[in-house]
Amino acid sequence: MLACISSSSPSPFLISSDIYRTPGAKPRSLSWSSSFPHLNLSINSISSPLNPPRQREFVVHAAWTRRSRSEAAKKPNRKSWKQRTDMYLRPFLLNVFFSKRFIHAKVMHRGTSKVISVATTNAKDLRNTLPSLTDDSACRVIGKLIAERSKEADVFAMAYEPRKNERIEGKLGIVIDTIKENGIIFV
């Protein structure tokens, strides 16, 4: 394929007078782009008996939105699509920690790392009223407190991501079920 330049002159070659305007010619507008010469450039395929002209197909191919395996191997530290968007789709995250003596739970906003609600059996009011700070009844109290405090902060949906090899059962299951029973949706 060869490029042919079509201008005001009948010749297929570009003459220097075609590029520059005459000194008396006024520009069409005062913009920066109008100061450049106007050239009509087109790419034409020259037909010959051996090469008949082909019709061009104007197909726009969609860009890849996800990475291929080879790209993932080149950049192993880049987060996946889910890792990058999950923070915005599920902004509030429940964090529950069980120590030997206490139960701690908090709801955090992922984007700002702001703590929305906190409940722990180590608080003065719970420490003196609960018979045991780590049993099932303490888990129910913590779940109820987290649900109430989250509703006060206008948070009605949250997520919980279990750690590696962590099952949602036992005390953790009791805390999560109590939060659900008190009107919080888990997404």
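Helices here are DSSP runs of H or I with at least four residues, strands are runs of E with at least two, and both are numbered from the N terminus.

This is a predicted model, in which local features need pLDDT of at least 70, side-chain atom pairs count only at pLDDT 80 or more, and totals for chains, interfaces and linings use all residues. Residues are numbered from 1 along each chain as its sequence is written, and side-chain values use heavy atoms, without hydrogens and water.

Select H5 (residues 136-152) and H6 (residues 171-181). The two pack at about 35 degrees, with axes 8 Å apart (axes are lines fitted to C-alpha atoms, for helices over the stretch in contact; angles run from 0 to 180 degrees between N-to-C directions).

Now show side chains. On H5, pick Asp136, Cys139, Arg140, Gly143, Lys144, Ile146 and Ala147. They meet Lys171, Ile174, Val175, Thr178 and Ile179 of H6 (contact: heavy atoms within 4.5 Å). Color by class: 6 are nonpolar, 2 polar and 4 charged (nonpolar: Ala, Val, Leu, Ile, Met, Phe, Trp, Tyr, Cys, Pro; charged: Asp, Glu, Lys, Arg; polar: the others, Gly among them).

**The sheet**

Next, select the open sheet of 3 strands, ordered S3-S4-S5 with antiparallel pairing (pairing takes at least two DSSP bridges between two strands). S3 (92-98) and S5 (115-120) are the edge strands, each pairing on one side only. The twist averages 10 degrees from one strand to the next.

Zoom in on S4 (residues 103-109), joined to S5 by 5 bridges. Click Val107; its bridge partner in S5 is Ser117.

**Back to H5**

Finally, show H5 against the sheet. H5 touches S3, S4 and S5, and its direction makes about 155 degrees with that of S5.
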